[in-house]
Each structure stands twice: as C-alpha cells, then as structure tokens.
Amino acid sequence: MDDMWELILRNQFHDILPGSSIKDVYDVTKVEYEELDAKTKALIEERMKAFLKEGDKLTVFNTLGMNRNDIVKIDATNATALTDGREIYPVQATKDGAIVFLKNIPSKGYVTLSEATKEVVTPFTITDNCIETPYYVIKLDEFGQFTSIFDKEAKREVLIAGTVGNELRIYEDKPMNYSNWDIDIYYQEKSWAVTDVTKMEWTECGPVRATLEVERHVMDTVIRQKIHFYADTRRIDFDTYVDWKFGEHIMKANFPIDVHTDEATFDVQFGNVKRKTHQNTSWDVARFESCAHKWMDVSEGGYGVSLMNDCKYGHSVLNHVVAVTLIKSGTEPYATTDQEEHVFTYSLYPHVGTWQEANTVAESFNLNVPAKAVWAAPEQDSFSFMSQDNKNVILETIKRAEDGDGIIVRLYEVENKTTDVTVKTALNIVEVVETNLMEEIVEDGVVSVNGNDFSFRMKPFEIKTFRIRVK
C-alpha cells in the first residue's frame, strides 16, 4: 500500500496533475493508474470478504467519517425494497444494476439490510419538456437546457429569468503563452452554445430517481449526459461522457443563478475560501477562473446554490453566472491534450439556508466517495469504527502511524467555528496524544480519554492530528 500511495503522489507532480506534461508522461501514468485501480479494488474485495459471510443480506459500507444519507448503487436484485429494521427503502432497477436511497449509514462503518416489500410509487410527474419532483418543477427547452428550476419548498425560481441552466458552451482558448498552463482573460470573447441535440428522452422514472438522457454532437465530438433527479435528495446530478476532438478550446457548464450576493465560497483542502463575484479591483479581474475542490457555493440570506463536482476543479462566477470548466484542450507541450474520452459528474444543489445549514460539505463527500455495497453479511447488523459529533468537523483520515506505533486520526473544522468535539471509537484506547502533521507529539499533547472516547476543542478552520494507542 505504501508503494501504491507513493506512486499516486509522484503522479500528482505539478506538471503531471494539471495536464501540462508531454505525451510520453501520460502514456506511462495511464497504465500506472489502471494498475493502481485494479490493485485497489482487489485489496478492498479481499478485506470485505475477510469478515463477511455469504447470505441474502446486503451490507453497505461507508468509508466517510460521518453518518450519511445517500444514493447507493447495488447489484441487480428482484427485491422491491430493503429494510434496516427501522425504515423500508424502495429499490429501483436500472440497466446498470439497482439503486436505493439509504439513511444514517454509520460513520466509518456499515449497515446490513434485508429484503422487504413496499408498494412501488414514483414521486415524479413527467411530460416531454417538464418534470416535477418532490423538490422542484423543472422546465427544459428543445436542447435539453433548463429554462426554469422552481424550488417548491422555498417558493422561488433558481435561475435568472430569460436564461438557461446547464448551458454547455465552448470557448476558443488560445493563450499568448503556455497553452496547457494558462487561460487568458479574453477567452470569453469567442464562444458558442452546444445545441446540436441528436437524442433526448426520459429513460428512468421510478421510486428513487428519474433520468433524462441527452446526446449532443459538435463536429466529431460526442457529449452524452444522464441527468438524474432524485426523490430524497435535492441534488441534480449530471453524469457526463465526452469524446472530445477539439484543440485549443474550453467547454464549461453555465448556470445563471438568481441569488443576491457579491461573494462565492470555494472548497479548498481542509477548509474553504471566499472570493468576490464582481470585478471591481484588478485582483478581482485576475480571478476570472478560480480553483475549488469538491464544491463552490453562492448564497444570500436564507437561500443558495452549490455546484459540486467529482473531478473538475476550475470554476468561475461573474454577473450571477456560476460555471465549472469541464474540458481544456491545449496543444503545448502535448499537442492533443484532452482529445480523448472523459467520464465525470457535476451536480447542482439548490438549498434552503446557507451552505452550512444545507450540509453542502457532506453532499460533496457523498458525490466524491460512493458507498460500497455487497450481497453478504457480517456478524453484526450495524457497526461504526469511529465517529465524531459535529457536522462542521470532518473526520478526514484514519491510518496506521508511519512508525507503526498506533493509529493516526486527522480532523478539520470547515465552518469557521470554535467547536468542542468528542470522537467515539470501537477501540480499547490506552492513550491519545496530539501530534503535528509529521506525527510528532506536540507540547502538552496528552488528550483526555473517557473509556473508548476522547474530547478536545477545535479553533475555526483548525486541523488536528492525534495518535491513538490501543490495547
């Protein structure tokens, strides 16, 4: 595992990671990533089998450090519903297996479910160019673009009147220098919307989700999207495949959002930052493209919209238009950069309240780290290895100590809030000490332990690391 992790780190070198290496580098790293993926899947499978026994129950694993409510993909089943003994969850068959929406999957743990029966009722009403979900009434034009997203709970329109959402737009991208490094500010001067739709049809409508499939062609480039609308989450997922054939062009997905704010929030490593949405100063002008890891958000008092992604990190927001950059195909030093197949998902998440109140951080983790499900069962029906008691604190890392002495746990605070935290574990704790990021004990690092739990205080945006020694 150390060798695998070090290979990932090497392949996140500052030219390999953003796409500014030569072609020979990517010929190597693609093979390495495929091998890493195969090894990882084999190791996970081996570990799940180590404490599962065959049976007719479904075990769902949650590797996140929070209880989660989420869509879970499972192997095909004839069951119409599953139960954890508390609630009955409808199951929806799809052409890729089945899906179910589950609640309270334990933090760093699992839950086991049994087959149940439930009347299959869809909460969606669909016409050719309109869908009503439990959360929205959404209208579409002939190009598959959203002309209206009416939020039923908030009783308000999400999009600016007269605009369209999920507009896929291609921009000419010819920077003065460093084609695969730079985007120059004038890239917006020449662009066109992708409107050549060759297919648009509703392919799913069940108790869990409804799906609209849209296929577009732009010369030799093919863009296919499965747009998922859900019964039990406000997320609207855009599951996207692109076979890209353009050089020196960018493609973005644009959403003109009707919220009143002069700043946006962007997810960064172990926290988030705010940036202005106007261009009043030279610094603001220079930030026409900004980084975000898993999400960005624009909110006013009591309402907002988050835009999440599972692997696309360039964003922009100006004049209320929120966008994510999906493709950038420079030509130097790799002449055909990005001219290949791409698979990714981005997600629109309108919400009542602020992004903090709407649990945007948790939803972005759900999108990026799917739960794992297998038809087999452990001896216990439910288990949590470790959890903590605040939604503004992320239990991010649990790992073996580098020197082999104990378990390392790392957490961080995301809402700029001083917080008292209690970590609950399934361990027989002997000692907990605070360390720095190098796993060295800090001064006065001994932490108060109560049985198998320990408590501490976190400052706003603080990162804390602990070494747990067990019996």
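Start by selecting Asp 237 together with the residues it touches beyond four places away in sequence: Lys 226, Ile 227, His 228, Tyr 230, Thr 345, Tyr 346, Ser 347 and Leu 367 (contact means heavy atoms within 4.5 Å). You are looking at a predicted model, in which local features need pLDDT of at least 70, side-chain atom pairs count only at pLDDT 80 or more, and totals for chains, interfaces and linings use all residues. Residues are numbered from 1 along each chain as its sequence is written, and side-chain values use heavy atoms, leaving out hydrogens and water.

Now colour strand E17, residues 236–243, where Asp 237 sits (strands, E, are DSSP runs of at least two residues, and helices, H or I, of at least four, numbered from the N terminus). Asp 237 is buried, at 4% relative accessible area (buried means under 20%, with a 1.4 Å probe and protein chains only).

Show side chains next. That of Asp 237 makes a polar contact of 2.8 Å with the side chain of Tyr 230, and another of 2.7 Å joins it to the side chain of Arg 235 (a polar contact is a pair of N or O atoms within 3.5 Å, one able to donate a hydrogen and the other to accept it; residues adjacent in sequence count only if both atoms are side-chain atoms).

For the last stop, select helix H4 (360–368), which gives the most to the lining of the second largest pocket, with five residues. Strands E2 (68–74), E5 (97–105), E29 (386–388) and E30 (393–400) each supply at least two.

Technical notes. Buried < 20%, exposed > 50% of the residue type's maximum accessible area, 1.4 Å probe, protein only.
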